[in-house]
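The model under study comes first.

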Amino acid sequence: MKLIALPAFSDNYLWLWQQDQQAVVVDPGDAAPVLQTLAQHGLTLVAILVTHHHADHTGGVRALHDATGAQVFGPAREEVPAPFTPVMHGDSFTLLGQAIQVLDVPGHTAGHVAYVLPQAPQSPVLFCGDTLFSGGCGRIFEGSPKQMLASLDLLASLPSDTQVCCAHEYTLSNLRFALAVEPSNIDLQTYTVQCQQRRAEGLPTLPAQLGTELQINPFLRARHPDVRHAVAQHAGLSALEQTDDVAVFAALREWKNDFK
Ligand SMILES: [Zn+2]
Ligand SMILES: [Zn+2]
């Protein structure tokens, strides 16, 4: 099993999961780089997985479906621009010999789903769309901070060796914010240097490791005393608000929204 991050637009990755001469693509916002890779390696596309309805994740679905006949799976509560098999929390199915589990992770969009391959050969694989990024999380467009926190808690409960396949290369800008929140976090400092080196070499910073994210990602650490304290200081939270996980998380997300 091979995972390939195909760059698209300014910072998207279309994840191609290859097994022998077959492939599955996740969130193809653009069909062209996928078709090119399929042709280049002589691969057959068997399925398209969609995490949420945004155009940078679905723009190539129709063209890929029409060109290859690949089966499309997408969130039951959202629109996908091709005939698709709707999936929701608790659903499971098999592709390329791998079991896939569906998780509901609302917040970025109302019906956002994630796909987990719990028995992938090296370690579990997570396709999380725009819910979790390395060092950050998606903006809350359609859901509430409470929903987003619950979605991130769910993803954080996966095995720590899970490979996190995020849909955008936002890592370095996320880490600048993370360092503003937790300037003394040694793991965060070390990881930032590693990611800067990878980007300098033109390599993706992804997949991320979930265990690392738990050490460095402020949005997975919103209950950590250091993060809580920094957010309380920045947002001027009352003593009562500081004890409210959702209030702290919401203020953290707002801080990031305004961060330059
Ligand atoms: Zn999105
Ligand atoms: Zn996106």
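With which side chain does the side chain of His168 make a polar contact? I found the partner to be the side chain of Asp56, at 3.1 Å; a polar contact is a pair of N or O atoms within 3.5 Å, where within protein one must be able to donate a hydrogen and the other to accept it, and residues adjacent in sequence count only if both atoms are side-chain atoms.

Conventions. I note that this is a predicted model, in which local features need pLDDT of at least 70 and side-chain atom pairs count only at pLDDT 80 or more, while totals for chains, interfaces and linings use all residues. Residues are numbered from 1 along each chain as its sequence is written, and side-chain values use heavy atoms, without hydrogens and water.

Entry on His168. I looked up its accessibility: His168 counts as buried because its relative accessibility is 4%, the cut-off for buried being under 20% (1.4 Å probe, protein chains only). Leaving out residues up to four places away in sequence, I found that His168 touches several residues, including Asp11, Tyr13 and Leu206, where contact means heavy atoms within 4.5 Å.

Entry on the zinc ion (ligand 2). I recorded Asp56 (OD), His57 (NE2), Asp130 (OD) and His168 (NE2) as coordinating the zinc ion (ligand 2), at 2.1 to 2.3 Å; donors are N, O and S atoms within 2.8 Å of the metal (3.2 Å for Na, K and Ca), and water is not among the atoms, so sites may look incomplete. In sequence these donor residues follow the spacing D-H-x72-D-x37-H.

Entry on Asp130. I found that Asp130 bridges the zinc ion (ligand 2) and the zinc ion (ligand 1), 3.5 Å apart. Both His57 and Asp130 are buried.

Terms used:
Chains are lettered from A and ligands numbered from 1 in the order in which they are written. Buried means under 20% relative accessible area, exposed over 50%, partly exposed in between (1.4 Å probe, protein chains only).
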